[in-house]
Amino acid sequence: MKYIAGIDVGGMTVKIGLFDGEGTLLEKWAIPTRTDGGGEQILPDTADSLREHLEKAGASLSDLTGAGIGVPGAVMRDGTVNRCVNLGWGVFSLTEALSSLLCGIPVFAGNDANVAALGEQWKGGGKGCRSIVMVTLGTGVGGGVVIDGNILIGAHGAAGEIGHIQMREDEPETCGCGKHGCLEQYASARGIARVTKLYLKEHPEKESSLRSADHISARVLFDEAKKGDATALEIVEIVCGYLGRGLAAVAEVVDPEAFVIGGGVSNAGTILTDTIQKYYVQSVFHASRGTKFVLAELGNDAGIYGAARLVLNG
């Protein structure tokens, strides 16, 4: 049997999947991400782990037809990674480095959010669509764009940075990127908590179960909104308004068939997607109003599926 490896490098773990030649997941596992020493052991550790698992299956690295890898940083079209701060990596050819550790097999690389989007388009919430935008609502707001089955990379490897669309010019706080008023400041898990706290502070007259919560989080906000808390529902409208208008701007450039919403905040479910879609329809160019809003389905496996798909796409 010939195998394909799908690799998703995160700050804490490297997730690895073995697929058959048709793209069926056979086995998945994870190893720690060793970021000490400038992350110099991450790729050798990954190659060693792949070798061990292949040997358990009665195979070897020579039975790999290719490997795909997603990493948390900008990746150029030629496989050069342009700094992964969380891993300690600078600028180098990721594809050449990993290929040399895997007996010279072809290696394909991409930004982790883009690769996850490809996985969702192939086997997840965007299955059946040729073009999607994946929006990951977690610690930040990540994005990945797939057009006609291929990742949109951009000239600098930075396409899909949805979280840094500027939504407000009067924002006094600075985003992690150094700008002010980014979508991420209002719609990430941290941003939603921030918006909620500010709203409660600015509207002391409004009664809400949120005021008695042990801590304010995106999950608490959406849970209370589902229970019918009027103030929580008002804040959900504000947060989803930012998302709907931001994604309308995205659609007016790439016009996807669907937006796939993932990340921890997506656990809120249809109250999130339905409210985003309401504001999206109000803001978007008329021809794109029929774009679907769906929830991601692959969870933490999206990256390994997308990495495998990179190989199949060639």
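Trainee: How much space lies in the largest pocket?

Mentor: About 1,500 Å³. This is a predicted model, so local features need pLDDT of at least 70, side-chain atom pairs count only at pLDDT 80 or more, and totals for chains, interfaces and linings use all residues. Residues are numbered from 1 along each chain as its sequence is written, and side-chain values use heavy atoms, with hydrogens and water left out.

Trainee: What counts as a pocket?

Mentor: On a 1 Å grid over the protein atoms alone, a pocket is an open set of points where a 1.4 Å probe fits, with protein on both sides within 12 Å along at least five of seven lines; lining residues have an atom within 4 Å of a point. The volume is the space filled by probe spheres set on the points, which are joined across faces, edges and corners.

Trainee: Which residues lie nearest the centre of the largest pocket?

Mentor: Pro-72, Asp-112, Ala-113, Thr-136 and Gly-142, out of 49 lining residues.

Trainee: And which element gives the most to that lining?

Mentor: Helix 4, with five residues. Helices (H or I, at least four residues) and strands (E, at least two) are DSSP runs, numbered from the N terminus. Other elements that give two or more residues include strand 1, strand 9 and helix 10.

Trainee: On to the sheets. What is the strand order in the open sheet of five?

Mentor: The order is 3-2-1-4-8, with mixed pairing. Two strands pair if DSSP finds at least two bridges between them. Strand 3 (25-32) and strand 8 (107-111) are the edge strands, each pairing on one side only.

Trainee: Which helices pack on that sheet?

Mentor: Helix 4 (residues 112-123) touches strand 1 (3-9), strand 4 and strand 8. Helix 10 (residues 302-313) touches strand 1, strand 2 (13-20), strand 3, strand 4 and strand 8. Touching means contact, with heavy atoms within 4.5 Å.

Trainee: In what sense do strand 4 and strand 8 pair?

Mentor: Parallel, over five bridges. Gly-70 stands opposite Gly-110 in strand 8.

Trainee: What about strand 1 and strand 2?

Mentor: They pair in the antiparallel sense over seven bridges and form a hairpin with three residues between them. The bridge partner of Gly-6 is Gly-17 in strand 2.

Trainee: Is strand 2 mostly covered or mostly open?

Mentor: Mostly covered, as six of its eight residues are buried. Buried means under 20% relative accessible area, with a 1.4 Å probe and protein chains only.

Trainee: New topic: the largest nonpolar core. Which residues touch the most other members?

Mentor: Val-135, Leu-247, Phe-259 and Leu-272, among 43 residues. A nonpolar core is a set of buried Ala, Val, Leu, Ile, Met, Phe, Trp, Tyr and Cys residues joined through side-chain atoms within 4.5 Å. Helix 8 supplies the largest share of this core, twelve residues.

Trainee: What is Leu-247 in contact with?

Mentor: Leaving aside neighbours within four places in sequence, Leu-247 is in contact with Val-135, Ile-162, Phe-259, Ile-261, Ile-276, Tyr-280 and Phe-293. Apart from this core lies another, of 31 residues, among them Ala-5, Ile-31, Leu-64 and Val-81.

Trainee: Which residue stands opposite Val-81 in strand 7?

Mentor: Phe-92. Four bridges join strand 6 to strand 7, and the two run antiparallel.

Notes
Buried means under 20% relative accessible area, exposed over 50%, partly exposed in between (1.4 Å probe, protein chains only). Axes are lines fitted to C-alpha atoms, for helices over the stretch in contact, and angles run from 0 to 180 degrees between N-to-C directions.
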